[in-house]
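Subject: Structure for you to look at, with notes

Dear colleague,

I am handing over the structure that we spoke about, and my notes on it follow below. Please keep it open beside you as you read.

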Amino acid sequence: MSLYIEAASILNETSGSLRSRIYHRPASSPQLKSPPARLYALIIETLKHQEILNEVIAKSELLKLERKLTHSLTLLLLHDHLLTKNGIATSPGPLRTQIESHKARLSSEFTRARLKRGFGTTALYLSHIASESAPKIPRWVRVNTLKCSLTSLLTQFPDYAKVDTLEDVMTAAKGIKTKAGGRVYYVDPYVKDLLAFPPGIDITTMPCYIKGEVILQDRSSCLPAALLDPPKEAWVVDATSAPGNKTTHAAAILHGAGGSRKGGVIAYEKDPRRAEILKRMVTRAGGDVAITVRPGEDFLKARPKSDELSRVTHLLLDPSCSGSGIVSRAEYSLLPIPEFETKTGTKRKRGGKPAAKPAVTAPAKPAVIADDAEGADGEQEETKQDVAEARLHSLAAFQTEMIQHAMTFPSARKITYSTCSIHAIENEQVVMAALQTKVAKRRGWRVLGREEGVLSEWERRGLDEECAGDHHVAQACIRANPIEDGGIGFFLCGFVREGEDDSKEEDWVEERKE
C-alpha cells in the first residue's frame, strides 16, 4: 500500500515538476520506498483519467462514506480498481477494503459516466484517452557543448539510428515499424547540436542528463541564441534569464567547442526565487566561468554606460509574454472534484450543505503539473489562454521598452527579440514599434534581414499585414507554429546596427519619455 500512499503524497506536493519530485528529490525530503518508474507511471495514468474518475467519486459520494480517504489517494486507488486488469496492486487491507466494499456502486457510476461520453465499452474509452494523450511533439535535446560534443554524446546512444525527418521520429513514437526501428534520433538542420528523439524517451535518468551534458530544451527556445550567433569574443546580456536554457545556450556558443573564453554572458533575473533556479542551472551546465548571474537585478534599471555593460555587443531579449504559443509535451492537472446533482436534486460536496440550485458547476482552475524535468521549458509566460486584449497591449508596451533599452547600449551591434506568443500584438507590432523609436532611428538600428541570419532557411516568416505591408521586415521575422513546426509556438526577430559607438546619455533618458 506504500505505493499508493507515496504517489498521493507526491501528487499533493506543489513545487517542481512531477519528474523532479520523483527522480530528483532533495536530501531533506522523505526518500521513496517504491520504484520511481512505477510511481511515475501510476500518477501519469491516473491523471489522464481523472475527469471521469472525479465524476465517479462525486456521484458515488465515496469520500462522504469513507472519511479516511483523501481525494488524491482515492483517485489512484480508483484508477487501478476500475481501469487496470489486475485491480489494486496490494494485498488486502483497510484502504483496499474502503474501495472494494463499494464495488457495485463504483462500477455502476463508472458505466453511467462512460456511456454519457459515448463509449459503449471500457476498451473504446481507453483507446480514446490513449489517442488524446499521445505526445504531439518530439523530445528535443540540446547538446551542452560546455561539457560534451555531439560526436561524443552519440556514442552514448549506440542502438539509435539517425532518421531524415521529424515525421520518422513521431512514427517511431507511435510504435509503427520503421526501417530504423523504434530507437531513432534526428539532427536538426537549423540549430547546431540539437537532436530530436521520440517523446517517450526518458532522458532524465541517463548519465548524459545527470552530468549536464544535455539540456532538455524545445526547438523554438533554441532559436534566439542561434540567431544571435555571438562571435567567440563577444559580451552578451540575457535580459530575463531564468530558468537558464537560453543563457547556457549562448554561453555554449561562446565558450563551447574550442571557444576563446574571452567573452561571456551577463544574466539578469529580477525575481530572486527564479534567480536561484538560474544559478543551479548555470552550475549544472558547467557555465559558471562563462556566465555572471545578476540575481534580483532588473535589466531595465541597468546602466548601459557602466564599465561592465559598455563592452556588451549582443543582447538576448525574451521578456514576459502571454505564453499563447505554449504547448506542453504532456501536461496534467490535479482537478478538484466538481459538484454534481445528487438523486435528491441538490448538490453536495463532502461534509457540505446542500446548494440552492441543482446545476453542474465548472471545476476551479487547477494547479498544473508539468511532465518535464524543467517544467514547460520555463518560459516567461503570464497565462496560457483567454488573454484580454488590454493585457496584450500592456505586455507589448513593456516588450517595446525592453528593446528600446537594449538599443541604448553603446557597443551593441545585435539584438534578438523573442516571445512564446502567437499574437501579432506582441510580435510583428512590437518590432514595428521598436523601429519607430527615436533611439532606433538615431543609432541606425534595423531588422536583421532574412538572408543575413543563420536561420535563413527557416520557412515560416512574419505576417506582411502586421508589418504595414513591409515585406522585408516581415521576412526578417521568424514564426513557429505550435506542434506543426515541431514544438511550441514562437516568434523571433533580430536587430542590427553598424558604425561606431555613438550613444549618448540622453538616449537612456529619452527612452523613458517615449
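Is R446 buried, partly exposed or exposed? R446 is partly exposed, with a relative accessible area of 29%, where buried means under 20% relative accessible area, exposed means over 50% and partly exposed lies in between, using a 1.4 Å probe and protein chains only.

Before the rest, please note that this is a predicted model, in which local features need pLDDT of at least 70 and side-chain atom pairs count only at pLDDT 80 or more, while totals for chains, interfaces and linings use all residues. Residues are numbered from 1 along each chain as its sequence is written, and side-chain values use heavy atoms, with hydrogens and water left out.

Salt bridges

A search of the whole structure finds 16 salt bridges, each being a side-chain nitrogen of Lys or Arg within 4 Å of a carboxyl oxygen of Asp or Glu. One of them joins R446 to E498, with the closest N and O atoms 2.9 Å apart; R446 lies in strand β13 (residues 446-447) and E498 in the loop between β15 (490-496) and α20 (505-513), so this pair ties together parts that are 52 residues apart in sequence. Helices (H or I, at least four residues) and strands (E, at least two) are DSSP runs, numbered from the N terminus.

E55 and K116 form another salt bridge, their closest N and O atoms being 2.7 Å apart, and because E55 belongs to helix α4 (residues 50-60) and K116 to helix α8, the pair ties together parts that are 61 residues apart in sequence. Within this pair, E55 is buried at a relative accessible area of 5%, whereas K116 is exposed at 53%. E55 and K116 also belong to a network of salt bridges that links E55, K59, K116 and R117.

D188 forms a salt bridge with R219, again with the closest N and O atoms 2.7 Å apart. D188 sits in the loop between β3 and β4 and R219 in helix α13 (residues 219-228), so they tie together parts that are 31 residues apart in sequence. D188 is buried, with a relative accessible area of 5%, and R219 is buried, also with 5%.

The sheet

Five strands form an open sheet in the order β2-β3-β4-β1-β5, with mixed pairing, where two strands pair if DSSP finds at least two bridges between them. β2 (161-162) and β5 (214-216) stand at the edges with a single partner strand each, so one side of each is left without a neighbour in the sheet. β2 and β3 pair in the parallel sense over two bridges, with A161 opposite V184 in β3. β3 and β4 pair in the antiparallel sense over two bridges, and Y186 has A196 in β4 as its bridge partner. Strand β1 (residues 139-143) pairs with β5 in the antiparallel sense over three bridges, and R142 stands opposite I215 in β5.

A helix pair

Helix α6 (residues 71-83) and helix α8 (residues 103-116) pack at an angle of about 80°, with their axes 11 Å apart; axes are lines fitted to C-alpha atoms, for helices over the stretch in contact, and angles run from 0 to 180 degrees between N-to-C directions. The contact (heavy atoms within 4.5 Å) is made by L78, H81, L82 and L83 of α6 and K103, L106, S107 and F110 of α8.
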